[in-house]
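User: I'd like to learn how to read a model like this one, feature by feature. Could we start with the open spaces and work inwards?

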Amino acid sequence: MSHLFRGVFTLNTYCPGWQVFTTAVIRKPAKPCYEIPKAYRPIALLCTIPKVLTAIVAENISHMVEKDALLPDTHFGGRPGRTTTDTIHYLVGQIKSAWGKKKVASVLFLDVEGAFPNVVTDRLIHNLKKRRIPTTYVKFIERLLKGRKTKLKFDNFISEFIEITNGIGQGDPMSDFFYFGYNRPVSQPR
């Protein structure tokens with residue numbers, strides 16, 4: 001398997017079969033009406049071989065990002081050695097610090113609906129280049145995200161292929177890094 005992965009980088013290629021998948025559309029349980037799209041959950045059934053490769057790449061990029069301090073100290077998600085507990089301790093510390101200064105502390109939590117499927121691939125690639133992510137990785141990510149297509153499958157229906165021109169895989173080993181690279185402009189102070 002290592003020969004295959006080395007070949008992907010040596011030959012600057014990506015297996016076209018890894019970019020073709022089926023998306024199973026499954027009913028969410030206990031919905032009152034299944035006539036609206038939000039009553040369904042799409043699940044992409046991907047080949048597992050590239051997931052191993054992206055996990056290796058994600059780990060390499062993660063070490064590089066930590067070494068070069070490309071993320072602010074207050075970014076906890078998707079980072080090695082940073083847990084939800086660390087986030088809570090940080091928030092509690094900030095709140096207690098504000099209270100100690102007789103100030104009010106407010107916290108705003110956002111859950112951006114459809115964040116991962118709506119990432120614009122070209123903007124992500126642009127931002128990664130601006131962040132000085134090594135060209136080898138940027139080109140790999142570009143090959144990974146371009147040329148994807150899926151068929152929707154639900155009940156007894158299977159659609160024709162649909163091109164996937166934007167978005168990143170939710171649950172992909174690189175998804176946290178992708179979204180952070182996409183969502184946070186390079187010029188923003190750390």
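User: How do the residues of the lining of the largest pocket divide into nonpolar, polar and charged?

Analyst: First, the ground rules: this is a predicted model, where local features need pLDDT of at least 70, side-chain atom pairs count only at pLDDT 80 or more, and totals for chains, interfaces and linings use all residues. Residues are numbered from 1 along each chain as its sequence is written, and side-chain values use heavy atoms, with hydrogens and water left out.
Now the classes: Ala, Val, Leu, Ile, Met, Phe, Trp, Tyr, Cys and Pro are nonpolar, Asp, Glu, Lys and Arg are charged, and the others, Gly among them, are polar. On that scheme the lining of the largest pocket divides into 22 nonpolar, 10 polar and eight charged residues.

User: What is the volume of the largest pocket, and what does "pocket" mean here?

Analyst: Rolling a probe the size of a water molecule over the atoms shows where empty space is left. On a 1 Å grid over the protein atoms alone, a pocket is an open set of points with protein on both sides within 12 Å along at least five of seven lines, a cavity is a set where a 1.4 Å probe fits but cannot get out, and lining residues have an atom within 4 Å of a point. Points are joined across faces, edges and corners, and a volume is the space filled by probe spheres set on them.
Here the largest pocket has a volume of about 1200 Å³. Of its 40 lining residues, Ala-44, Pro-117, Ile-168, Gly-169 and Gln-170 lie nearest the centre. Elements giving two or more residues to this lining are β1 (20–27), β2 (40–45), α2, α5 and β3, with the largest share, five residues, coming from β2.

User: Which residues lie nearest the centre of the second largest pocket?

Analyst: They're His-75, Phe-76, Gly-77, Leu-110 and Asn-183, out of 20 lining residues. Two or more residues each come from α3 (84–100) and α6, and α6 has the largest share, with four. The space in this second largest pocket is about 970 Å³.

User: How many cavities of 30 Å³ or more does a search of the whole structure find?

Analyst: One. The largest cavity holds about 30 Å³ of space, and its lining is Val-65, Leu-70, Leu-71, Arg-131, Phe-177 and Phe-180.

User: Which residues of helix α5 are buried?

Analyst: Elements are DSSP runs numbered from the N terminus: helices are H or I of at least four residues, strands E of at least two. Buried means under 20% relative accessible area, exposed over 50%, and partly exposed in between (1.4 Å probe, protein chains only).
In α5 (residues 135–145), the buried ones are Tyr-137, Val-138, Phe-140, Ile-141, Arg-143, Leu-144 and Leu-145. They pack against several elements, including α1 (2–10), α4 (121–130) and α6 (175–183). Just after α5, Gly-147 takes a positive phi of about 75°.

Key: Contact means heavy atoms within 4.5 Å.
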